[in-house]
Amino acid sequence: MLKVLVEAQNGAYEILLGPGLLKDLSPFIQKGRRHFIISDTNVYPLYGKVFGGFPSFVVKAGEKSKSHESLLKIYDELSKHNISREDVIVALGGGVVGDLAGYAAATFKRGVRFIQVPTTLLAQVDSSVGGKVGVNLKSGKNMVGSFYQPSLVLADTDTLQTLPGREFAAGMAEVIKYAFIADQNLYKKLLSKNTALAEIIRICCEIKAGYVQRDPFDKNVRMELNFGHTIGHAIETATHYKRYLHGEAVAIGMVLAARIGERGGVSEAGLEDAVRDILIQNGLPAAVDDAILKSAMDNLMQDKKAAGDIIHFILADTIGHALARDYKAQELRELVL
Ligand code: NAD
Ligand code: GLY
């Protein structure tokens with residue numbers, strides 16, 4: 001079992017990770033506290049039985065469940081089972097379940113203890129770490145939320161064996177992101193394919209923990225985690241969240257961020273090719289139709305005009321080092337197209 005310590009000023013906790021962790025939960029069950037499991041319709045049938053005997057609430061799998069409707073149902077169930085602040089809410093699933101259950105835990109009775117059991121690669125390397133929890137509104141994703149750290153993250157890498165290949169690849173986009181923003185050695189490990197997955201996940205969690213410790217409320221350096229995300233989000237919006245998984249859109253966004261860096265004279269020559277090659281090796285898209293890209297950049301310009309026109313854009317100047325530069329949306333459009 002591997003271990004990462006997250007020492008954020010708004011909460012310290014361990015991430016325990018490796019294969020077989022869900023085989024014996026007894027070391028992790030907190031005696032004297034009741035545990036309430038929140039999961040989804042894909043994950044609960046696969047792994048729910050290990051929490052047999054605990055009350056549970058299962059949402060329909062998918063982003064639509066990250067809603068106030070689900071949240072109100074969860075509050076009702078927590079009330080019905082008399083869950084108190086001394087008890088524990090367990091999020092068993094991917095980022096959707098983690099964000100939703102985490103927000104329920106942050107708000108029910110002003111805060112119930114909370115354990116993350118992430119079962120997607122994206123959740124194991126990203127969403128279960130760092131305390132961002134919340135739900136979506138019709139007007140946008142993650143519009144309502146909080147920073148609420150879990151008391152433990154339990155990432156059983158065996159659960160990734162049942163994850164659909166496309167979802168696994170989408171998680172790899174975030175792994176590759178960590179390499180480009182913070183760790184050239186991780187990049188080399190990914191290229192050579194000699195390192196065990198659990199160790200790769202540990203490295204990613206260490207990197208994320210470092211950002212969360214330095215900037216728990218996402219006011220400055222933590223924004224480097226948004227490498228590939230600004231244009232990635234614009235592509236998701238332009239394609240109505242239907243064509244690409246989040247990680248796939250981030251993958252394309254990273255190629256375009258590297259292009260902007262190179263054309264803008266910030267990034268070393270060859271960075272765009274390096275980003276593209278490793279994404280393709282990992283089964284990820286690395287390009288987008290011109291029409292979609294134009295529509296994404298137009299949307300970005302519309303949004304940003306409303307917000308004052310300046311975009312705090314994350315670049316990598318070399319493999320393993322990120323930095324931020326301010327651009328007008330129009331400048332980004334000219335550099336990318
Ligand atoms: P997800 O939770 O929707 O999971 C993806 C799919 O895989 C779902 O259908 C799910 O049921 C299924 N699944 C999960 N684990 C499985 C397993 N082991 N075997 C088989 N199927 C499994 O999506 P995700 O990619 O994990 O997370 C995306 C969400 O995370 C988004 O809502 C995003 O906003 C959020 N997010 C949050 C943060 C954060 O810091 N809080 C960071 C990144 C993303
Ligand atoms: N997913 C980015 C963050 O946690 O800050």
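1. In this predicted model, the contact between helices α9 and α10 is made on one side by Ala-251, Met-254, Val-255, Ala-258, Arg-259 and Glu-262 of α9, and on the other by Leu-271, Glu-272, Asp-273, Val-275, Arg-276 and Leu-279 of α10. Sorted by class, the residues of this contact are seven nonpolar and five charged, with no polar residue among them.

2. How are α9 and α10 arranged relative to each other? Helix α9 covers residues 246-263 and helix α10 covers residues 271-281, and the two pack at an angle of about 165° with their axes 8 Å apart. Because an angle over 145 degrees counts as roughly antiparallel, α9 and α10 are described as roughly antiparallel to each other. The crossing that α9 and α10 form is left-handed.

3. Helix α9 deserves a separate remark, since 15 of its 18 residues are buried, so that α9 is largely enclosed by the rest of the structure. From its first C-alpha to its last, α9 reaches 25 Å, which is close to the 26 Å expected at 1.5 Å a residue. Just after α9 comes Gly-265, whose phi is positive, at about 80°.

4. Turning to another helix, Phe-180 is placed in α5, which covers residues 165-182, and at 0% relative accessibility Phe-180 counts as buried. Which residues does Phe-180 contact, leaving aside its neighbours within four places in sequence? The list consists of Tyr-187, Phe-227, Leu-271, Ala-274, Val-275, Ile-278, Ala-316, Thr-318, Ile-319, Gly-320 and His-321. Of these, Ala-316 is 136 residues from Phe-180 in sequence, although the two are 6.5 Å apart in space, C-alpha to C-alpha.

5. Helix α5 also packs with α6, and the axes of these two helices come within 6 Å and cross at roughly 135°, so that α5 and α6 are oblique to each other. The residues that meet are Met-172, Val-175, Ile-176, Tyr-178, Ala-179, Phe-180 and Ala-182 in α5, together with Gln-184, Leu-186, Tyr-187 and Leu-190 in α6. By class, this contact of α5 with α6 divides into 10 nonpolar residues, one polar and no charged.

6. A further packing of α5 is with α7, where the angle is about 55° and the axes are 10 Å apart, which makes α5 oblique to α7. In this case α5 passes α7 in a left-handed crossing. The contact involves Phe-168, Val-175, Tyr-178, Ile-181 and Ala-182 of α5, and Leu-197, Ile-200, Cys-204, Ile-207, Lys-208 and Tyr-211 of α7. Its residues divide into 10 nonpolar, no polar and one charged.

7. His-321, already named as a contact of Phe-180, is found in strand β11, which covers residues 321-328. Is His-321 buried, exposed or partly exposed? At 41% relative accessibility, His-321 counts as partly exposed. Neighbours within four places in sequence aside, His-321 is in contact with Phe-180, Ile-181, Ala-182, Leu-315 and Ala-316. Between His-321 and Val-59, by comparison, there are 262 residues of separation in sequence and 39 Å in space, C-alpha to C-alpha.

8. Most residues other than glycine have a negative phi. Lys-109, however, has a positive phi near 50°, and lies in the loop between α3 (95-107) and β6 (113-118), where at 42% relative accessibility it counts as partly exposed. Lys-193 likewise has a positive phi, near 60°, and is found in the loop between α6 (184-192) and α7 (197-214); at 54% relative accessibility, Lys-193 counts as exposed.

Technical notes
Residues are numbered from 1 along each chain as its sequence is written. Chains are lettered from A and ligands numbered from 1 in the order in which they are written. This is a predicted model: local features need pLDDT of at least 70, side-chain atom pairs count only at pLDDT 80 or more; totals for chains, interfaces and linings use all residues. Side-chain values use heavy atoms; hydrogens and water are left out. Axes are lines fitted to C-alpha atoms, for helices over the stretch in contact, and angles run from 0 to 180 degrees between N-to-C directions. Helices (H or I, at least four residues) and strands (E, at least two) are DSSP runs, numbered from the N terminus. Angles under 35 degrees count as roughly parallel, over 145 as roughly antiparallel, 65 to 115 as roughly perpendicular and the rest as oblique. A crossing is left-handed if the near helix is turned anticlockwise from the far one by less than a right angle, and right-handed if clockwise. Contact means heavy atoms within 4.5 Å. Ala, Val, Leu, Ile, Met, Phe, Trp, Tyr, Cys and Pro count as nonpolar, Asp, Glu, Lys and Arg as charged, and the others, Gly among them, as polar. Buried means under 20% relative accessible area, exposed over 50%, partly exposed in between (1.4 Å probe, protein chains only). The expected span of a helix is 1.5 Å times one less than its number of residues.
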